[in-house]
Structures are given as structure tokens and as C-alpha cells.
Amino acid sequence: MKSKITVPLLIIIVLFPFTIFGESKLFMMYGIKLGQKRNLVSELYGKPFKSHTFEDGYSYDAYKLDEHILVVESENKRPDLVWAIQIQGNKNPKYYGLNEINLGDPIEKVVSSFGKPDEIRNAFDEETKEELSTIQYYSYDRSRNFSIEVQNQKVSSIKLSFKGSASVSETLDINETFRILKDKNIYHIAQLMDQNFVLKEKDKKEYNISGNPIQIINSKNEISNRIFYLPNSLINLNPNEISENVDLRNNQKYIFGKYLKIKSGEEIFHLFFLKTYEGWTLKEVNIETTLKASE
């Protein structure tokens, strides 16, 4: 798609590419995941200040926020899904950039983290095709799925686009998964969580991520408590204490998921992971007491 959005475009990638996510692609920025329902964005941020559908059927919604603009795009085949995410401006909230890269960061941080871009050139206006000599465009689109625009040697725009599914290992890397949890990095944990994540507590209550996963994980609630704050939390689980480890296969023997069972204190954790287009994601955590498990 040739996007005609007048606000400058850009994209970015993960500083430490994890095998469970795929080696070169990211699928989340601003707490929004590529492939999620587009209407969820307006539920979070209200009515966009600008929306447009191009002749080729691609469309976008733009939202004015504090010191920056958020843009979500959809392709013509699935106008209901987020195909690209862009932020532009001087500053964005913590964890809302692309991994460790945020608006206002020096370009040296991007290059030292991701190496040489696929292309460096002057940016241009998508509608008029006029070259913008004061804005440089750093593309990682061919090797990854992002690009960045730089003004006055600082990141002024980031754009993340869908460039196909992630390339991931056949089965879940358990040690890497638990390392992500123990590192307590909000962005990485939010990326690990499935879009339809479910927490099922021993009292039969269920909790879903219904909004921005970064905001949910970074505040106090039932889900974040189970990740960080309770004695029996996900970050405290020991992979060496896994009692069941099962690859989930379909009728064609293709591995589509992973089930892990771990005892921690007086509770038993049942963890279900899925292999999706964005990599391995944590789909469900089911918790029960050892008393119930023994009945």
C-alpha cells in the first residue's frame, strides 16, 4: 500500500529479538497489536480527529494525544483489523514505543540497537511526493517490519507494519519464556500475552485483557497481581519444577501450542501457550489449589 497520510511515517524493531516472538519482527506498539480489531482502538482513545479511506481501499484513523499523534491503518482486504501502527511527535508514554525505542530518542540509539538500516534517505510527503530535506527516513522494512523518521537527529516518527507472520521455533523455548517473565519488562510481557489472554482463578473467576495490555500490566489489578505481586506469581515460577510438559498437536501432528503444569506453594498453575502469526503467546493461566487438584 502506498500510504498518503500526511503525518510522517516510520517503524521500528525489538532491541533483543526473542525466538519465541520471532527473530526479526515485532507485532505490538502503543499497547496495540497488529491484527487486533481496529474498533478497540477507538474504544480506548475516543473519536479520531481524522479518518480517511484511499482509492485502493486502505484506510486510517488518527488520534491526537499528549505531545504525539497515534495512527492506525487497515488494508483493503480486512478493514476491520489493524495492519499498521504509527506514532509521531516529541514524546510518548513509557513502554508505549517500540520496545526500548521511543519518540525523541537519538538516532544513535536506534542504529546501535538494530544495526545498519536497509535504506537511509530523505523522507517525502506521501501525497505531494515532495522531498523533505530536514527529515531522514531509516528503513528496516526489507529485513524486518518497521521504519523510522528522524528530525534534528532524534526519532520523530515510528511505524510498525504487518509484513507476514513471525518465524518461530517449532516448540516453545521454555527457558526464554520464563526469563522474559523474571526480567519484569512491561513491554516484553505485554508482547508475550495473547490478545485474548484469560486468567482463571481457583475461585472460578475469570479475567481477560480487554484494553491496552501495557496499561493493565503496569497497574494494580487481578492480572498484574498474578504476574508480579502475589507470593505465587508468574515471575516467581521455577521452570525446573514443571511436572507436565506437553506439545499440543492437531490431527496433522502440527504443534500449535504448549501446556505446562507447575506447582508453587499450595497452588498449581496450568499454562497454555499458542503458536500464532506473531510468535508464541501466553493464552491462558488456570490456577487451582493443591487440595482441589488432589480430589
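Reader: What makes you say that helix α2 lies across strands, and which strands are they?

Author: Helix α2 (residues 107-114) lies across β8 (131-139), β9 (146-151) and β10 (154-161). Contact means heavy atoms within 4.5 Å. Helices (H or I, at least four residues) and strands (E, at least two) are DSSP runs, numbered from the N terminus. The helix runs at about 150° to β9. Axes are lines fitted to C-alpha atoms, for helices over the stretch in contact, and angles run from 0 to 180 degrees between N-to-C directions.

Reader: What kind of model is this, and how are residues numbered?

Author: This is a predicted model, with local features needing pLDDT of at least 70 and side-chain atom pairs pLDDT 80 or more, while totals for chains, interfaces and linings use all residues. Residues are numbered from 1 along each chain as its sequence is written, and side-chain values use heavy atoms, leaving out hydrogens and water.

Reader: How confident is the predictor, and where is confidence lowest?

Author: pLDDT is the predictor's confidence in each residue, from 0 to 100. The chain has a mean of 88, and 90% of its residues reach 70 or more. Helix α7 (residues 290-294) is lowest, at a mean of 56. Strand β6 is highest, at 98. Over residues 1-19, pLDDT stays under 50.

Reader: How do you know that β5 and β6 pair?

Author: Two strands pair if DSSP finds at least two bridges between them. Strand β5 (residues 68-74) and strand β6 (residues 84-89) have six bridges, so they count as a pair. Their sense is antiparallel. Ile-69 has Gln-88 of β6 as its bridge partner.

Reader: What makes β3 and β7 edge strands?

Author: Eight strands form an open sheet, in the order β3-β4-β5-β6-β10-β9-β8-β7. The pairing is antiparallel. Strands β3 (50-53) and β7 (119-124) each pair on one side only. Neighbouring strands of this sheet are turned by 20° against each other on average, direction ignored.

Reader: Why is Asn-99 called buried?

Author: Buried means under 20% relative accessible area, exposed over 50%, partly exposed in between (1.4 Å probe, protein chains only). Asn-99 has 4%, so it is buried. Asn-99 is in the loop between β6 and α2. Its phi is positive, about 55°, although Asn-99 is not a glycine.

Reader: Why is Lys-253 called exposed?

Author: Lys-253 has 59% relative accessibility, so it counts as exposed. Lys-253 sits in the loop between β13 (242-249) and β14 (255-264). Lys-253 also has a positive phi, about 70°, and is not a glycine.

Reader: What does the side chain of Asn-185 lie 3.0 Å from?

Author: A polar atom of that side chain lies 3.0 Å from the backbone nitrogen of Tyr-187. The backbone nitrogen of His-188 also lies 3.0 Å from a polar atom of the Asn-185 side chain. Asn-185 is in the loop between α3 (174-183) and α4. Its relative accessible area is 17%, so Asn-185 is buried.

Reader: What makes a nonpolar core, and which residues touch the most other members of the largest one?

Author: A nonpolar core is a set of buried Ala, Val, Leu, Ile, Met, Phe, Trp, Tyr and Cys residues joined through side-chain atoms within 4.5 Å. The largest has 64 residues. Ile-227, Leu-234, Leu-271, Leu-282 and Val-285 touch the most other members. Helix α4 (residues 186-192) gives the most to this core, with five residues. Apart from it lies another core, of eight residues, including Ile-69 and Val-71.

Note on methods:
A polar contact is a pair of N or O atoms within 3.5 Å; within protein, one must be able to donate a hydrogen and the other to accept it, and residues adjacent in sequence count only if both atoms are side-chain atoms.
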